[in-house]
Amino acid sequence: CAPDRCGHRHRAATAAATALHRPHCTACLLAMLTRIAAMLALLPLGCALLAPPHAGAGCSLLSLPYERLHSLVGGAGAKSVWRHLRSGRDPAAAAAGADGLGAAARASLAAHTSPSHVAPVVREHSTSDGTRKLLLRLRDGHEVETVLIPPRPDVAGGGRARNARARSTLCVSSQVGCRQGCRFCATGTMGLFRSLDTDEVLAQVFAARGLAEREALPPLSNLVFMGMGEPADNVPAVRGALAALTDRRRFGFSPRAVTVSTVAPTAAAFGALLGIGEEEAPPPPALAWSLHAADASLRRRLVPTAVDEPEALREGLCAALAALPPRRRRLVVEYVLLGGVNDGLAEADELAAFLRPVEAACFDPGRASRRTGVLVNLIPYNDGGGGAAARLAARYERPTWAAIDAFQARLRQRGVWVSVRAQRGADDSSACGQLWAQQPQARRHQPAAGMV
């Protein structure tokens, strides 16, 4: 400020300082900081504010490229490290000499964040059907939920899964909160605090693998990015996590067993998540589209951030699918059924007609099952649980089983391959659409759509 123009009382200042317009009073300094804060609040999504506060710091062993790890500890050492990580165990906790690593190799690994410190589990909930919800605390104090879903236990068989080949599934989060604001989703009421980095995404898998190992649960071999957040709003971290998850030398998940779900904020979201156009991209994951309504006006009511018409999104989806080999052209269409909103036979007919071009894009003449490659997964609205899920219960209702069966039957009559998702973890707010976590007192970077 210039002392002769700012209007505040100043102590004597030199002429040189006045010429440089340096602030000379607390009032002017506070005013300047307020203006800077206001400008920062207007920065768009994707800016550095949405990145974790430790972005740019050294990565953990979870996201360290295998070649880099190999150069640090040698081939045998890298294999030993990943034997631990793959089972959810921290290599740093292994007894000296038991992991085949010498003192020099251990010193090299010490420069990287221990996987146990990336996002430790601070709370675990178990539901009546065996579902486990884990709350992980990030390094800046934010918290995120992930849900481990073992097969339903056979009570008569002593609590074990009926099928000896049964596998567990993990529902993975990609952000703290979500900016999409889907009206039926508890996470959508949070708004967006920030995106997770690659290590924080992988830490969820690391924690779940450890839990499954310790409690002798069926092996964790399926991953679904259907937890908190929108993966298409955090493509770099999600793609980085996919590279580690599907690398046979690291986590070793089959690409077909990893599903990434998106509401598709833009038509380009599908290609970005599949890695279309990337050089040396890992195999594409399975893809799921959270559609919920084929009618544009109804979908905009349910997904208030939707900008593109469903037909425009469908065009982008078909283009992305066409870039894949025929055998990889598969899609899951997620459709949350809301009683009296989108569960009528008219909506079923509209959905079947809307999907015809997608089925054509997924067609593979060599597919033995002769199915279209497009599966509609009906998700009856989960209206139980507590917290934000309980508050949403007053907004929507779960459809009756008669309505669910009629909707499914109509789609089958129209030649659509359709299933109904089994409800898991609803008695502890662990089911689809119920994830919500209390965050530290901090400004949201993006409020939930339609909320102040």
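**Aromatic rings and cores**

Reply: Happy to! W289 and F354 are both buried, meaning under 20% relative accessible area with a 1.4 Å probe, protein chains only. This is a predicted model, where local features need pLDDT of at least 70, side-chain atom pairs count only at pLDDT 80 or more, and totals for chains, interfaces and linings use all residues. Residues are numbered from 1 along each chain as its sequence is written, and side-chain values use heavy atoms, leaving out hydrogens and water.

There are six aromatic pairs, counting rings of Phe, Tyr and Trp (its six-membered ring) with centres within 6.5 Å; planes under 30 degrees apart are stacked, over 60 edge-to-face and the rest tilted. F251 and F253 make a tilted pair, with centres 6.4 Å apart and planes at 35°. Both F251 and F253 are buried, and together with W82 they form one aromatic cluster.

Back to W289 and F354: their ring centres are 6.0 Å apart and their planes at 50°, so this pair is tilted. The charged end of R314 sits over the ring of F354, 4.6 Å from its centre (the rule: NZ of Lys or CZ of Arg within 6 Å of the ring centre and within 35 degrees of the ring normal).

Now the packing. A nonpolar core is a set of buried Ala, Val, Leu, Ile, Met, Phe, Trp, Tyr and Cys residues joined through side-chain atoms within 4.5 Å. The largest has 53 residues, of which L223, F225 and L245 touch the most other members. A second, separate core of 33 residues includes L313, A348, V358 and V418.

Technical notes:
Buried < 20%, exposed > 50% of the residue type's maximum accessible area, 1.4 Å probe, protein only.
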